[in-house]
Amino acid sequence: MPDIKTLAAARNVDLVNTFTKSLDKLAAMLSTCTPIQAAVGETLHQKKITGKLSEAAYTEGSDIPLSSYAYDDVKTYEVAIKPYRKQTTLQEVKKRGYAAAVDKTDAAMLSDIQRGIKKDFVNVLGGEGVTAVTGKNLVATAANAWAALSNLVEDYGFGDVEAVFLVNPVDFAKQIGESEVFSAFGISYIENWAGLGTLISTGSVAAGTIYATVKGNIKVYVSPTDGDELFGCYTDETGYIAVSHSAELKSLTYDTVAYVGLVFFAEYIDFIVKGTIAATA
């Protein structure tokens, strides 16, 4: 039977692999670009482009009518290291065994870390400056959001609209029907929903509300893996998460330490639409 240290090393690899595969699926579902490395503390800018092409008539021999545009910062983000720690006592290991005392609670901690990340990427779609639409039901509201996105994307020349819609599970459940439901990072979603795009279910969105954006607008930034080995942490080339297990003799406890360094954000606030399903009498 392998010793506890061997089990812990194997568990580090397993936790990182499971987390990374799941987050990779989420990133691919939300964004058309691969995760980008950014130094911890590096400032990332959400942008808004204002201005339009001048429609003034040109008079031969005169100055060409001037078109003015501005590329302004709306909000800043940064990649920050978020560490988490859990302790398991020697008594718990002896009472319940390593698998129950350590592995099961490790899984619960990672699930909570995932929940926090899901809230973070939903939060970046809110705030002032987003386009608002309404509709009599979810499909109508999403269609209006898609139309608004199409107009915005066409104005900026960004090409086709590949939309993603985030809704509460209560609203999502009404749309399942015969649709095939997929899962990524603990999130359910339907591809090519209603011919509009990808419909994503998350409790981080209030019932009756829908957020929509285009996939190319969502960026994922992750911190480099430099320094992880100095602290005995295992990670992989993605750097999404680092995990370590170690014994603390002074307290007779076994620590699980994990940290993540990543951020989701919408690069252009112009490409975010918030929909509200109108209440019916």
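Mentor: Let us begin with a loop. Phe185 is found in the loop between strand E7 (182-184) and strand E8 (187-193). Please keep in mind throughout that this is a predicted model.

Trainee: Is Phe185 buried or exposed?

Mentor: Phe185 counts as buried, because its relative accessibility is 1% and the cut-off for buried is under 20%.

Trainee: Which phi does Asn192 have, and where does Asn192 lie?

Mentor: Asn192 has a positive phi of about 50 degrees, although it is not a glycine. Asn192 belongs to strand E8. The relative accessible area of Asn192 is 60%, so this residue is exposed; the cut-off for exposed is over 50%.

Trainee: How should I read a pocket?

Mentor: Rolling a probe the size of a water molecule over the atoms shows where empty space is left. In this model, the largest pocket holds about 270 Å³ of space. The largest pocket is lined by 16 residues, and those closest to its centre are Ile4, Ser246, Ala247, Thr253 and Tyr254.

Trainee: How does separation along the chain relate to distance in space?

Mentor: The two are read separately, and pairs of C-alpha atoms illustrate this. Asn151 and Phe271 are 120 residues apart in sequence, and their C-alpha atoms are 9.9 Å apart in space. Thr6 and Ile36 are 30 residues apart along the chain, with 33 Å between their C-alpha atoms. For Ala107 and Ser251, the separation along the chain is 144 residues and the C-alpha distance is 23 Å.

Trainee: Where in the fold are Asn151, Thr6 and Ala107 placed?

Mentor: Asn151 is in helix H4 (residues 138-156), Thr6 in helix H1 and Ala107 in helix H3. Asn151 is partly exposed because its relative accessible area is 47%. Thr6 is likewise partly exposed, at 44%, and Ala107 is partly exposed, at 39%.

Trainee: What share of the contacts in the protein with a separation of 6 or more comes from residues 24 or more positions apart?

Mentor: Such residues account for 74% of those contacts.

Trainee: How would you describe the protein as a whole?

Mentor: The protein has 5 helices and 15 strands. Taken along the principal axes, its C-alpha atoms fill a box of roughly 85 × 50 × 25 Å. Of its 281 residues, 43% count as buried. The accessible surface comes to about 15,000 Å², and carbon and sulfur atoms contribute 53% of that surface.

Trainee: How many positive and negative side chains are there, and how far apart do the centres of the two sets lie?

Mentor: There are 24 positive and 33 negative side chains, and the centres of the two sets are 12 Å apart.

Key:
Residues numbered from 1 in each chain as written. Predicted model: local features only at pLDDT ≥ 70, side-chain atom pairs only at ≥ 80, totals over all residues. Heavy atoms only, no water. Helix = DSSP H or I, 4+ residues; strand = E, 2+ residues; numbered from the N terminus. Buried < 20%, exposed > 50% of the residue type's maximum accessible area, 1.4 Å probe, protein only. Contact = heavy atoms within 4.5 Å. Areas by Shrake-Rupley, 256 points an atom, 1.4 Å probe, with all protein chains shown as cover. Lys, Arg positive; Asp, Glu negative; His and termini not counted. Charge placed at Lys NZ, Arg CZ, Asp CG, Glu CD. 1 Å grid on protein atoms, 1.4 Å probe; cavity = no way out; pocket = protein on both sides within 12 Å on 5 of 7 lines; lining within 4 Å. Points joined across faces, edges and corners; volume = space filled by probe spheres on them.
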